[in-house]
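Subject: Structure for you to look at

Hello,

I am passing on a structure that you have not worked with before. Please open it alongside this email; my notes follow below.

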Amino acid sequence: MHLTTPGTKEGKKARLYLHVARITMIDFNSTAFTNPSTFFLMGIPGLEYLHIWIAIPFCSMYIVALMGNILILFIIKAETVLHEPMFYFLSMLAITDLILSTSTLPKMLGMFWFNYHEIGFHACLTQMFFIHAFSGVESGLLVAMAFDRYVAICNPLRHTSILTNTVVAQVGIVALLRGLVLMTPHPFLVRRWPYCQSNVVPHTYCEHMAVVKLACADISINSLYSLAVIVLIVGTDVTCISLSYVQILRTVFNLPSNDSRLKTLSTCGSHVCVILTFYIPALFSFLTHRFSKHIPRHTHILLANMYLLVPPMLNPIIYGVRTRQIRECVQQLFMTKIS
């Protein structure tokens with residue numbers, strides 16, 4: 001008989017699977033063919049023995065995201081010179097990033113460091129809703145910021161009259177409502193299915209498709225609705241952003257000098273970087289999850305985590321480094337504290 005040593009990689013995996021089996025048997029004895037009372041988040045299958053180490057960079061990224069976005073919000077609120085449409089949209093983006101990262105990271109760190117794998121059924125649905133809804137909200141805010149750059153560059157004399165405080169608030173509300181409305185059916189669709197196979201979610205958080213695949217029912221409606229929403233949001237938003245930048249480039253190339261062109265384009269640099277950090281990880285995560293059967297599961301999950309962790313961490317850094325007004329306000333703030 002082969003025995004596993006408790007401290008080895010195999011021993012840790014054996015204890016985890018035994019714990020999963022015990023919870024699953026208890027839950028199924030009382031809730032067979034109904035909604036389970038709890039789900040069990042597996043973490044990163046195949047890399048369980050590295051959870052404690054993977055949590056270190058994840059925690060660091062979360063701390064940077066918290067500090068950076070809170071600092072952005074504080075500076076925009078405190079400095080009247082930043083009370084402009086671009087910075088109002090940036091503050092909305094910072095709030096969205098705080099919600100996205102906080103909806104996943106604390107639970108994930110508890111799982112990695114303290115083996116707290118259980119999550120209540122309704123808590124799982126709530127986490128799922130916040131993740132997907134505010135991902136949609138962030139995409140909408142990137143469109144709003146692209147429109148702000150379009151008006152500022154292509155029609156600068158009317159920028160303040162077009163994007164008034166009221167219009168900015170209305171655009172933010174529309175972005176919020178669109179994300180909430182389109183993602184509201186997700187938890188209700190998930191809740192209606194019976195879960196008679198397993199309550200073990202092979203993921204670090206309650207990702208929609210990872211949960212519904214546990215249902216012992218035809219989940220094609222979930223798959224089709226999820227795909228339709230993704231195509232609608234991403235397709236519409238990327239098209240709008242692309243059209244905005246086509247018009248921006250046409251205006252820039254009609255400027256008389258290279259210096260004026262570079263100066264105008266530099267005002268869009270931060271927004272372009274933020275767009276890339278949001279859509280590229282999302283695209284890789286979506287493509288590997290939907291169309292590749294040969295990529296290891298832990299790669300899928302790590303990409304999904306990067307999609308939720310990288311943008312909230314990088315967005316305040318990008319805007320803090322590349323935006324002159326924010327950079328000067330930060331320097332002034334720290335110089336005041338030192339003196």
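T38 has G120 of β2 as its bridge partner. The model is predicted, so a local feature is reported only at pLDDT of at least 70 and a side-chain atom pair only at pLDDT 80 or more, while totals for chains, interfaces and linings use all residues. Residues are numbered from 1 along each chain as its sequence is written, and side-chain values use heavy atoms, with hydrogens and water left out.

The sheet

β1 and β2 pair in the antiparallel sense over three bridges; two strands pair if DSSP finds at least two bridges between them. Strand β1 covers residues 38-41 and is joined to β3 by two bridges, these two strands running parallel. In that pairing, F40 stands opposite V200 of β3.

Axes here are lines fitted to C-alpha atoms, for helices over the stretch in contact, and angles run from 0 to 180 degrees between N-to-C directions.

The chain as a whole

The chain holds 14 helices and three strands. Both are DSSP runs numbered from the N terminus: helices are H or I with at least four residues, strands are E with at least two. Of its 339 residues, 46% count as buried, where buried means under 20% relative accessible area, exposed over 50% and partly exposed in between (1.4 Å probe, protein chains only). Among contacts (heavy atoms within 4.5 Å) with a separation of 6 or more, 78% are between residues 24 or more positions apart.

Helices α2 and α3

How do the axes of α2 and α3 cross? Helix α2 (residues 51-78) and helix α3 (residues 85-102) have axes that come within 9 Å and cross at roughly 150 degrees. By type, the contact residues are 12 nonpolar, four polar and one charged. Nonpolar covers Ala, Val, Leu, Ile, Met, Phe, Trp, Tyr, Cys and Pro, charged covers Asp, Glu, Lys and Arg, and polar the others, Gly among them.

Two single residues

N115 is in the loop between α4 (105-114) and β2. Its phi is near 55 degrees, a positive value in a residue other than glycine. Most residues other than glycine have a negative phi. N115 counts as exposed, at 54% relative accessibility.

Q325 is in helix α14 (residues 324-338). With a relative accessible area of 23%, Q325 is partly exposed. Leaving aside neighbours within four places in sequence, Q325 is in contact with L82 and F87. Q325 and E79 are 246 residues apart along the chain, and their C-alpha atoms are separated by 9.8 Å.

Regards
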